[in-house]
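Please find below a colleague's note on the structure shown here.

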Amino acid sequence: METAGCSTATVGNGDQGAPPDRSMVPERLQRREQERQLEVERRKQSRQDQAVEEEKSSFFAATLARERAAVEELLRGDDAAKRLEEAAERLQGLRSLLNDSVRFLSSYNLRQGQEALTQLQAALAQRRQELQPEKRFAFRARRSQAAGAARVDAAPEAPAPASALVPKEEVEAASETGWACGFSDLACQVLEKRGAELRQRDVLLSGLRDCTVKLLGNPNTLRLAQARGCRVLCGPVSTSVFLENCSDCVLAVACQQLRVHTTVNTRIFLQVTSRAIVEDCSRIQFAPYTWSYPGIEQDFQSSGLDRSRNHWNDVDDFNWLARGVASPNWSILPEEERNIPCD
């Protein structure tokens, strides 16, 4: 009886310890195998995504080089009007390609593409000027008249209308800074440019005080510098917009790239196809671009900007590198304050 009891007890103890060993080990192994397979799939997908991005980047680089060479060849040709028109169309195609490639291009390749477009646009504008010498002569002839009228424009008791100031400011902007057109060193004025005055031209606004500027067209670039208390309302800009050393301003603009430097207390109503950049700034507020005017749809088409893509609230602050913590230098403008002052 004792022997049987011992045998039974031994079997019972063995039955208690065996089941956990037989059931837990396969479960752990199965879990590890599943995790290993998931990791293998993740790595495989990552390699595939990288390969796709590299393929797209290679396609972009090859297309850019081919189209750039084609545009440069067209600008050297003799059949002026037709070849310039074809060059402009190819340049527009390149601009659309760059806008569509922003998502996968590296910062370096994106910058290279933007610089190439800017250089080609400048070459196209220069070629057009070379083929229209009579306009260049008339433009220079008006320089002395504009310079002579400067004292009259400055008289506070009889301020000149904005249209009378355009030749003077265009000459100063073009001759002193190399920008194609713009306004400089004015105060308390309502200034405006339209259509052909702006089409694919570089615009400089500098030294303005308490001015309202309306740019109803499609410039190539826009630069706003040393402005105080100004409202600038601009149509779609094909490439870049630069703000520097501005304060207490309102800007409404659509563009491919926005860079803001040394600027304070400024509201920006923005549509942009890449991430905006701020540096050495404070109290910058962003809101979506809602300004409109007759003909803006055609200007968007000629600009090459994708209206469905807007990163107005994706902002990189070069002075704020803390991850997971919002920059104190910029913020989102509350919805109840998003009325663009147009008058």
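The points below take up the sheet, one of its strands, the nonpolar cores and the aromatic pairs.

1. The model under discussion is predicted, and the remarks that follow should be read on that basis.

2. The sheet. Seven strands make up an open, parallel sheet, and their order is β2-β4-β6-β8-β10-β12-β14. At the edges lie β2 (190-194) and β14 (330-332), each of which pairs on one side only. On average, and with direction ignored, neighbouring strands of this sheet are turned by 20° against each other.

3. Strands β8 and β10. Strand β8 (residues 250-255) runs parallel to strand β10 (residues 264-272), and six bridges join the two. Within this pairing, L251 has I268 of β10 as its bridge partner. Helix α8 (residues 296-303) packs on the sheet and touches β4, β6 (231-236), β8 and β10. The direction of helix α8 makes about 65° with that of β6.

4. Residue T212. Strand β4 (residues 212-216) contains T212. Is T212 buried or exposed? Its relative accessibility is 8%, below the 20% cut-off, so T212 counts as buried. The T212 side chain makes a polar contact with the side chain of R231, at 2.9 Å. Apart from neighbours within four places in sequence, the contacts of T212 are Q189, V190, L191 and R231.

5. The nonpolar cores. In soluble globular proteins, nonpolar side chains tend to be buried together. Here the largest nonpolar core has 38 residues, of which L205, L222, L258, L270 and F286 touch the most other members. When neighbours within four places in sequence are left aside, L258 is in contact with V241, L243, I268, L270, V272, A276, I277 and F286. Another core, of 17 residues, lies apart from this one; among its members are L74, A87, L94 and L97.

6. The aromatic pairs. How many aromatic pairs are there? The count comes to two. In one, the ring centres of F286 and W330 are 5.8 Å apart and the planes stand at 85°, so this pair is edge-to-face. The pair links distant parts of the chain, with F286 in strand β12 (residues 282-288) and W330 in strand β14, 44 residues apart. Both F286 and W330 are buried. W291 and Y293 form a tilted pair, with 5.1 Å from centre to centre and 50° between the planes. W291 counts as buried because its relative accessibility is 8%, and Y293 counts as buried at 7%.

Definitions and conventions
Residues are numbered from 1 along each chain as its sequence is written. This is a predicted model: local features need pLDDT of at least 70, side-chain atom pairs count only at pLDDT 80 or more; totals for chains, interfaces and linings use all residues. Side-chain values use heavy atoms; hydrogens and water are left out. Helices (H or I, at least four residues) and strands (E, at least two) are DSSP runs, numbered from the N terminus. Buried means under 20% relative accessible area, exposed over 50%, partly exposed in between (1.4 Å probe, protein chains only). A polar contact is a pair of N or O atoms within 3.5 Å; within protein, one must be able to donate a hydrogen and the other to accept it, and residues adjacent in sequence count only if both atoms are side-chain atoms. Contact means heavy atoms within 4.5 Å. A nonpolar core is a set of buried Ala, Val, Leu, Ile, Met, Phe, Trp, Tyr and Cys residues joined through side-chain atoms within 4.5 Å. Two strands pair if DSSP finds at least two bridges between them. Axes are lines fitted to C-alpha atoms, for helices over the stretch in contact, and angles run from 0 to 180 degrees between N-to-C directions. Rings of Phe, Tyr and Trp (its six-membered ring) pair if their centres lie within 6.5 Å; planes under 30 degrees apart count as stacked, over 60 as edge-to-face and the rest as tilted.
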